[in-house]
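Dear colleague,

I am passing on the structure we spoke about, and it is placed just below. My notes on what was found in it follow.

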Amino acid sequence: LPYRHLLDVDLRLALLINLYAIVRAMTEFQPFDQWVAEMMGLMETCTSPLLHAAVWHFTAATATDFAEATAAWGRGIACARAAREAPGLGPEFCLLTDVDFVLGSLLGSYAHALIEQGEFAQALPLLKESRQLFQRRESRYEMADSSGLLGRLAFLQGDLTQAYTYLLETVTLAAEFHYQETVGRCQPLLGLVLLYRGDTDE
């Protein structure tokens, strides 16, 4: 970090994106507003839409105002879609070069927030697209998250058949590679679905 000003603009922005993702809650990096301000300044000269998308993703995920978060998700999704037509980043950018991962993560995060707001109809197509992207790249971790949200959404809408299908898939997939957070979150929901279907034993 002390030498970041010597880096190319794109690489410096990528460094700060990773900082934002990993250590934004650590006391030694507070107040974090200084890092956010630096990222926003770098975006004025950064030409990579994929890096812009990543910045908007974390801006939305940490916003306290839903309207601000919605605007950031919208900009991030638009940037990620535009990245398909833009020159790609080099291998030194690692995961930030993966358009499907960045777009799928944005769509899933926004859909999750919409579910929390009761905006089920708006969340559904975003979740389905996110799931398809992760299925195509065989990302089991993210597939489990997407299916779990689809199961929760179906349950909230009263579609027990769809909820059972998605939640069983999620729990099975997550258990296979010991993704305990998702098992712990979705297995109780699966139990509720079974209870509502009349299967008290299981």
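A crossing of two helices is called left-handed if the near helix is turned anticlockwise from the far one by less than a right angle, and right-handed if clockwise. Helix 5 passes helix 7 in a left-handed crossing, where helices are DSSP runs of H or I with at least four residues, numbered from the N terminus.

This is a predicted model, in which local features need pLDDT of at least 70 and side-chain atom pairs count only at pLDDT 80 or more, while totals for chains, interfaces and linings use all residues. Residues are numbered from 1 along each chain as its sequence is written, and side-chain values use heavy atoms, with hydrogens and water left out.

Across the whole structure, a search finds 7 aromatic pairs, that is, rings of Phe, Tyr and Trp (its six-membered ring) with centres within 6.5 Å, counted as stacked if the planes are under 30 degrees apart, edge-to-face if over 60 and tilted for the rest. Phenylalanine 101 and phenylalanine 134 form an edge-to-face pair, because their ring planes stand at 65 degrees, with the centres 6.3 Å apart. This pair links distant parts of the chain, since phenylalanine 101 belongs to helix 5 (residues 99–116) and phenylalanine 134 to helix 6 (residues 120–136), 33 residues apart. Elsewhere, Tyr141, Phe177 and Tyr179 form one aromatic cluster.

How values were computed:
Helix = DSSP H or I, 4+ residues; strand = E, 2+ residues; numbered from the N terminus.
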